[in-house]
Structures are given as structure tokens and as C-alpha cells.
Amino acid sequence: QIVAATKYHQTTAQLTADYAVTGLSSFNGQLGYTKRTNSLVNPAEAANGSAGLGGVVGDTSAVTGLLGFRRQLSVKTSLNLSVFREVDSYVAGANSEIATGGDANVTWDPDVKFSLAAHYRQTTQSIKGTLAIANFLNRTDHSRLAEFYVKYSVRRWLTLRPYLSYDKRTSNFDQANFTSLTVGVDLTARLGQPLL
């Protein structure tokens with residue numbers, strides 16, 4: 001059972017635009033405003049002091065948006081960059097949070113069978129209100145994620161994807177700090193494709 005579970009109502013108004021500078025470069029953008037209010041799933045929980053009321057888990061109003069840039073560096077290489085600000089949920093829809101950060105992604109396709117990609121994402125997450133499970137106010141996380149993978153099409157119906165992922169989070173809430181390194185292989189088979 002989730003402690004002081006909440007439901008929320010979120011409204012977003014947003015403008016979106018795309019602009020091709022040349023055949024090799026383009027921008028996309030979004031600009032909007034998001035308002036979110038929280039309330040208890042079971043109002044009776046308020047009687048026992050649960051941290052589930054909107055004022056405790058944090059109602060949020062914020063300017064949100066995204067600015068992205070894509071560049072085709074060569075026939076086989078592309079670059080994607082973006083910065084963003086968004087309203088999201090922390091843990092099962094309880095506290096609301098404002099996430100601000102950036103993404104960078106480079107993809108190289110040397111031939112039709114191989115694709116190599118590197119991705120980096122950095123985010124600051126400002127979590128509103130008090131954490132119900134720890135009675136901790138105004139938590140802020142700084143997350144960094146770096147990923148690399150090689151995708152190999154063994155057959156039209158079979159894809160092999162070895163990957164490496166490094167994830168680090170630092171926070172003013174000590175119990176939320178962590179560092180992880182993940183190495184793995186994805187094997188994907190698609191039914192209904194030609195065998196060759």
C-alpha cells in the first residue's frame with residue numbers, strides 16, 4: 001500500500017513549432033504553462049496525519065517547454081540536442097516535481113546492419129512538498145545518465161543489442177544518493193518477418 005496516495009488534476013497549455021534551417025539542420029520547440037493540484041484518494045486518511053493533502057505533497061504551477069536541435073553531420077551520422085522543463089510525478093503520483101535538464105544523442109549507422117549510439121541526459125528534479133515516507137521537505141535530485149549501445153541486425157527478424165549504462169544521482173536527501181553501472185544484451189525477435 002502506498003502511504004498517503006494521492007490523485008491529481010493537471011492542465012497544460014502549450015504551443016509547438018518546428019523549423020527546418022536547411023536540409024541538414026532543424027529546430028523544434030514547445031512553450032507552455034502547466035498547473036497541477038493534488039488531493040487524497042481517500043480523504044479520511046487526513047484524520048491520521050498522513051502527508052497526502054495537496055498543500056503537503058506540493059501543488060505546482062510552472063512554465064514548461066522544450067527546445068530541440070537536430071543536425072545530420074554526415075550521411076551516416078546524426079546529432080540530437082535538447083533542453084527541457086516539465087512537470088512530472090515523484091513515486092506513484094504523490095509529490096509533484098519540476099524537472100529541468102538536457103539531452104544529447106549521437107547516432108552512427110555505418111551500414112544497414114549496424115547502428116551505434118551514445119546518449120547523455122542530465123536532470124535536476126525539484127520535488128515539491130514533504131515526502132510522506134520520510135518527512136523530508138523540498139528534496140532536490142541531480143541525475144546524470146550516460147548510455148552506449150550497438151545494434152546489430154542478425155536477420156530481418158532478429159536484432160542483437162549489447163549496451164552499457166551508467167547512472168548517478170546526488171540529492172539533498174541522503175538516502176536517495178546512488179551510482180549504478182549496467183551491462184546487458186537485448187535480443188529481439190519479430191514474428192511474421194522473412195527468415196533471410
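Select Asn 138. At 43% relative accessibility, Asn 138 is partly exposed (buried is under 20% relative accessible area, exposed over 50%, partly exposed in between; 1.4 Å probe, protein chains only). Asn 138 sits in the loop between β6 and β7 (strands are DSSP E runs of at least two residues, numbered from the N terminus). Check its backbone: phi of Asn 138 is near 55°, a positive value in a residue other than glycine. Most residues other than glycine have a negative phi.

A word on the ground rules. This is a predicted model, where local features need pLDDT of at least 70 and side-chain atom pairs count only at pLDDT 80 or more, while totals for chains, interfaces and linings use all residues. Residues are numbered from 1 along each chain as its sequence is written, and side-chain values use heavy atoms, with hydrogens and water left out.

Next, select Ile 127. Leaving aside neighbours within four places in sequence, Ile 127 is in contact with Asn 138, Tyr 90 and Asp 141, among others (contact means heavy atoms within 4.5 Å). With Ile 127 they make up the largest nonpolar core, 5 residues in all (a core is a set of buried Ala, Val, Leu, Ile, Met, Phe, Trp, Tyr and Cys residues joined through side-chain atoms within 4.5 Å).

Turn to the rings. How many aromatic pairs are there? The count comes to 3 (rings of Phe, Tyr and Trp, the last by its six-membered ring, pair if their centres lie within 6.5 Å; planes under 30 degrees apart are stacked, over 60 edge-to-face, the rest tilted). Show Phe 27 and Phe 69. Their ring centres are 5.0 Å apart and their planes at 45°, so the pair is tilted. Phe 27 lies in strand β2 (residues 25-40) and Phe 69 in strand β3 (residues 60-72), so the pair ties together parts 42 residues apart in sequence. Phe 69 is partly exposed at 22%.

Now pick Phe 114 and Tyr 152. Their ring centres are 4.8 Å apart with planes at 25°, so this pair is stacked. Phe 114 is in strand β6 (residues 114-127) and Tyr 152 in strand β7 (residues 140-155), 38 residues apart.

Last stop: the surface. Select Tyr 19, Val 21, Phe 27, Leu 67 and Val 83. They form a nonpolar patch with about 470 Å² of accessible area together (patch residues have over 30% relative accessible area and no salt bridge; like charges are joined within 9 Å, nonpolar side chains, namely Val, Leu, Ile, Met, Phe, Trp and Tyr, within 5 Å; areas come from the Shrake-Rupley method with a 1.4 Å probe, and for residues only the protein chains shown count as cover; a salt bridge is a side-chain nitrogen of Lys or Arg within 4 Å of a carboxyl oxygen of Asp or Glu). Tyr 19 is exposed at 53%.

Definitions and conventions
Helix = DSSP H or I, 4+ residues; strand = E, 2+ residues; numbered from the N terminus.
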